[in-house]
Amino acid sequence: MTRENPFPRIYFGGDYNPDQWSEEVWEEDMRLFELAHVNMVTLPVFSWAKIQPSEDEFRFEWLDRILDLLASRGISACLATPTAAQPAWMSRNYPDILPVDEEGRKRTHGKRVNYCPNSPSYRKFSRGIALRMAERYRAHPALAIWHISNEYGTYCFCDNCAAAFRKWLKKRYATVGELNRRWNLDFWGHLIADWEEITVPSELNDDNKWYQPKMLDYLRFLTDSTIDCFNNEKEAILSVSSDIPVTTNMSGFIKKMNQQLFNEHMDYAAWDNYPAPGAEPSLVALKHDIVRGLKGGRSYIMMEQSPNQQNWQPFNTLKRPGEVRLLSYQALAHGADTVLFFQMRQSVGGVEKFHGALIEHHGAENTRVFRECAALGGELERLGDVFTGGTTEAKAALLVDWENWWALELSTGPNRDTDYMAILHKYYKAFYGRNILVDVIRPESDLSSYSLVAVPNLYMVKPGVSDNLKAYTKQGGCLVTGCFSGIVDENDLVTTKGFPGEMRDLLGIWVEEFDALPPDRENGIAINDPIGKLTGTYSCAHLFDLLHLESAEALGTYTDDFYKGRPSLTVNRYGKGSAYYVATDPEQALLDDLIGELCRQNGVEAPETVPAGVEVTVRKKGGASCFFFMNHGEETVRLPLKGRKLLVGKILPEKDGLRIVLPHGGVAIAVEERAL
Ligand code: GLA
Ligand code: ZN
């Protein structure tokens, strides 16, 4: 496996903590791994204290033994630097490592991911251990991937961070005057005369909630500081081991760090997929597509998922029979090339003692979870490399911006409960429900290959973005923009050009005001002239832009309140293309019908028409198209095989030919070879 070509097979396995068990158990683990077709384990994620029990003492022998054991069984290692949890002696002797939390409390040693990203001691020791590991294991036959640390995400507010923040600001703004201007510090008399007067935004001054330009930059700064932590270790590794891919796993909550920036530094995107029990398949699919978009569509690593229940949900529902299999194939269907679990063997103590695992406390193989996982491992082994490295060819794109996410949700007013992920999900669902493949990319990305682009609630418009959207539309693109867009610049300063700011001519509207109502109060969108399925009235809620038409036409108008009859859905012809504006938060059906109609008009089609509840995606590799069918619905469905070769699933002959039979939770993979 190399940085260029890392997936010779689907990696199957996951987090393994052999240091919690005696060596006799390791032998048994190897037997069970073989039974389950495990071909990769991730270790030693949290073993820093075991490897470096004191500053000058290193104990790698146990790790050597387990890595040799893995190699002897043909199991690859996703080799983690253990830097997500520093040893107790380190926190004790180098207190700059311990972070200060948002309430201003200096933390004491404990838990994990409990270090300051700007601590010089943390940087020194984490680089040191990464280098030693790279030197020791760079040629180890088990080594396949470098996994740095684990789920980065500390927000620290200590003095080291404050000093580093000032330096970061100086670099960004050069002069105090420019900072005063870009943060609009005339407001509430916040003007500063000297860099040293800058404090960090926290609960101690409430600027974390009350001064958005500052908090926004602090979030950017924390992302940059954390990227520096990652690069600090990555550089050490690459200095001696330059051809093995380097990554880190992002948490399923993903918002904390700007992953669009972070991933520029990683060889492969990686994330931990922990849907809540009963999560909508479309939400899981959206997150997969977000991750695939982080590295321009390159296949990615699903670093963790639970083989059974979790321990940290309010109700830790068991995964139903077949659920893990379905979730695993969904990941592969969206561009992952791994199915990795947390965890291989369940801990007997600590907060995760009831977290699902391949091997449970008693160690028996005769369990539902083990049997299901082992069967899945066998299937994945048989698939070989048929689609690994394969790409998704989408004609539709959803534009997402991490900083827009922060800014939108930090904003006080007009609406307290704005949830960017929920908004994105709503737009995404309109595509997903039709099995339209979607690339989730940044607003500044090249859009020329897309026939339809949706950009929900682009509150923050950064330099270059409106020009990009204009160029796309002018050349014939179809753009759908959500409400409350074009409001602020990258510093959260409101445009003085009239909303939607720089996009005013593109959308052909001027938004004069926006109304916000409590969730139980609704308005309606009455469609003027039926457009395809778009007809009658749809409900809308939360936010309501009150706009004037400049060059746009109204496709729909509000049905109630003092703005009854004013436009709520518009289109503007711009160059050879069209720019739509959805001026409120509409019910799902409006987006379903609008996006459905625009897909039809612009020739954006699903890879295959299937019954509702069935998800279908395609990954292309070489001359082959790999079709994934997943039945999230209750009823068994039968799909035509169409001459494809079935790799996973069941077929039955019927009058009109062979049919793929997909029961509830069922999966099928069928490959269609095309001459190159
Ligand atoms: C995260 C961590 C793992 C484990 C799981 C449990 O994803 O990376 O170490 O704690 O959560 O769900
Ligand atoms: Zn700090």
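Q: Where is Ala174 placed?
A: Ala174 lies in the loop between α6 and α7 (176-182), where helices (H or I, at least four residues) and strands (E, at least two) are DSSP runs numbered from the N terminus. The model is predicted, so local features need pLDDT of at least 70 and side-chain atom pairs count only at pLDDT 80 or more, while totals for chains, interfaces and linings use all residues. Residues are numbered from 1 along each chain as its sequence is written, chains are lettered from A and ligands numbered from 1 in the order in which they are written, and side-chain values use heavy atoms, leaving out hydrogens and water.

Q: What is the phi of Ala174, and what is that of Glu151?
A: Ala174 is not a glycine, yet has a positive phi of about 65 degrees. Glu151, likewise a residue other than glycine, has a positive phi near 40 degrees. Glu151 sits in the loop between β4 (143-147) and α6 (159-173).

Q: Which residues surround ligand 1?
A: A residue counts as near a molecule if one of its heavy atoms lies within 4 Å of it. Here the shell of ligand 1 consists of Phe46, Arg112, Asn150, Glu151, Asp272, Tyr274, Glu304, Trp312, Phe342, Glu352 and His355. By class, this shell holds four nonpolar, two polar and five charged residues; Ala, Val, Leu, Ile, Met, Phe, Trp, Tyr, Cys and Pro count as nonpolar, Asp, Glu, Lys and Arg as charged, and the others, Gly among them, as polar.

Q: Where are cis peptide bonds found in the chain?
A: One joins Phe342 and Gln343, with omega about 20 degrees; Gln343 belongs to the loop between β8 (338-342) and α13. Another runs from Leu43 to Pro44, with omega near -10 degrees, and Pro44 is in the loop between β2 (40-43) and α2 (48-51).

Q: At what angle do α5 and α9 pack?
A: Axes are lines fitted to C-alpha atoms over the stretch in contact, and angles run from 0 to 180 degrees between N-to-C directions. Helix α5 (residues 120-137) and helix α9 (residues 212-238) pack at about 30 degrees, their axes 7 Å apart. The two helices are therefore roughly parallel, a label for angles under 35 degrees. Their crossing is right-handed, that is, the near helix is turned clockwise from the far one by less than a right angle.

Q: How do α12 and α13 cross?
A: The axes of α12 (residues 323-334) and α13 (residues 368-383) come within 9 Å and cross at roughly 30 degrees. The pair is therefore roughly parallel, and the crossing of α12 and α13 is right-handed.

Conventions:
Parallel < 35°, antiparallel > 145°, perpendicular 65-115°, else oblique.
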